[in-house]
Amino acid sequence: MTPPLTLIAAIAENGVIGKDNSLPWHLTSDLKRFRMLTMGKPMIMGRKNFQSIGRPLPGRETIVVTRDPGFTAEGVHVVYSIEAALARATERAKAMQAQEIILAGGAELYAAMIDQVDRMKITFVDLAPDGDTFFPAINWSQWEEENRERPPKADKDDATFSFVDYRRR
Ligand SMILES: NC(=O)c1ccc[n+]([C@@H]2O[C@H](COP(=O)([O-])OP(=O)(O)OC[C@H]3O[C@@H](n4cnc5c(N)ncnc54)[C@H](OP(=O)(O)O)[C@@H]3O)[C@@H](O)[C@H]2O)c1
C-alpha cells in the first residue's frame, strides 16, 4: 500500500514559490522545519527543484522525476513518470520504515500530483516578491485546516510567516 503523500511548500501572498530556479527569500526557520518534516523519509521532486537544491539532502532519499532519459545525478533515484516516482517512493518508505512520502515540489510536480496528495504542510510567507513560479490553483474547500502556528521571526528570516497544516476532507 502507498503511504500517505504529504506536500510541503512555502507560498508568498501572491502565490509565488520561486524565481530563477531558486527561492525568492531566505527563511532559516522554514529550512529548519523542512529538515525536521522530511528527515528519514523519501522525497519526490522535479528535476528543476533538485538542480536548484544542487545535491541529495542527507538523511532522506531523493526521487527525481524527469522526462530526460539522459539525466543522471549521484545519490538520488531518477524516475521518468509520476507513477514510477510513487512506486519507488513506496518501496523506499518501506525500506526506511517511513510512515509518509514527501512531495517537495516544484510547481510542475505539485500540479501533476495534487490529486494524490493527502496532507499539505504550507508555510505562508508574508511577502509578495517578484517570481516566475507559482503554487498551482487549489480548491481550498477540499482541505481542512488541522493546525496553525505563528512562530516568532528569527534574526536570519527575511519575513514573518505562518505554518499551516491541511488534511484532505
Ligand atoms: N517555495 C517552495 O516551497 C518551493 C518548493 C520547491 C521548489 N520551489 C521552486 O520552484 C521552482 C522549480 O519549480 P518548476 O515548476 O520550475 O520545476 P519542477 O517541478 O521542480 O521540475 C519540473 C521538471 O520535472 C520533470 N517533470 C515534471 N512533470 C513530469 C512528469 N509528469 N513526468 C516526468 N518528468 C516530469 C521535468 O523534468 P525534465 O525537464 O528534466 O524532463 C520538468 O521540467 C524553483 O524556483 C524552486 O526554487 C519552491
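This is a predicted model: local features need pLDDT of at least 70, side-chain atom pairs count only at pLDDT 80 or more; totals for chains, interfaces and linings use all residues.
Strands β1 and β6 (residues 101-103) run parallel and are joined by three bridges. Within the pairing, T6 stands opposite I102, and L7 stands opposite L103 in β6. Strand β1 is also joined to β7, again in parallel, by seven bridges; there, I11 has F124 of β7 as its bridge partner. Strand β1 is mostly covered, with six of its eight residues buried.

These pairings belong to a wider arrangement. Eight strands make up an open sheet of mixed pairing, in the order β5-β4-β3-β6-β1-β7-β10-β9. Strands β5 and β9 (143-149) each have a single partner strand and stand at the edges, so one side of each is left without a neighbour in the sheet. On average, and with direction ignored, neighbouring strands of this sheet are turned by 25 degrees against each other.

Elsewhere in the sheet order, β3 and β4 pair in the parallel sense over five bridges, and M43 stands opposite T62 in β4. How many of the five residues of β4 are buried? The count is five of five, and β4 is accordingly described as mostly covered. In a regular strand, side chains alternate between the two faces of the sheet. In β4, E61, I63 and V65 lie on one side, while T62 and V64 lie on the other, and all of these are buried, which means that both faces of the strand are covered.

Helix α1 (residues 28-38) lies across β1, β3, β6, β7 (119-125) and β10 (161-168), and runs at about 175 degrees to β1. Helix α3 (residues 82-96) lies across β3, β4, β5 and β6, and its direction is at about 175 degrees to β4.

The loop between β4 (61-65) and β5 (77-79) contains T72. Is T72 buried or exposed? It counts as exposed, because it has 10 C-beta neighbours inside 10 Å, and a residue is classed as exposed when that number is 12 or fewer. T72 is 25 residues from R47 in sequence, and the C-alpha atoms of T72 and R47 are 10 Å apart in space.

The ligand provides a further point of orientation. It is surrounded by 29 residues, of which the closest are G18, G46, N49, G105 and G106. Two or more residues of this shell come from each of β1 (5-12), β2 (16-18), β3 (42-46), α2 (47-53) and α4 (107-113). By residue class, the shell around the ligand comprises 13 nonpolar, 11 polar and five charged residues.

The chain as a whole can now be considered. The secondary structure of the protein chain comes to four helices and 10 strands, and its elements follow one another from the N terminus as β-β-α-β-α-β-β-α-β-α-β-β-β-β. The radius of gyration of the chain is 15 Å, close to the 15 Å that the globule rule gives for 169 residues, so the chain is as compact as a globular protein of that length. Taken along the principal axes, the C-alpha atoms fill a box of roughly 40 × 35 × 30 Å. Buried residues make up 31% of the 169 residues. Among contacts with a separation of 6 or more, 70% are between residues 24 or more positions apart.

Methods:
Residues are numbered from 1 along each chain as its sequence is written. The radius of gyration is taken over C-alpha atoms; the globule rule is 2.2 Å times the number of residues to the power 0.38. A residue is buried if 20 or more other C-beta atoms lie within 10 Å of its own, exposed if 12 or fewer, and partly exposed in between; C-beta atoms are placed from the backbone. Two residues are in contact if their C-beta atoms, placed from the backbone, lie within 7 Å. A residue is near a molecule or strand if its C-beta atom, placed from the backbone, lies within 6 Å of it. Ala, Val, Leu, Ile, Met, Phe, Trp, Tyr, Cys and Pro count as nonpolar, Asp, Glu, Lys and Arg as charged, and the others, Gly among them, as polar. Two strands pair if DSSP finds at least two bridges between them. Axes are lines fitted to C-alpha atoms, for helices over the stretch in contact, and angles run from 0 to 180 degrees between N-to-C directions.
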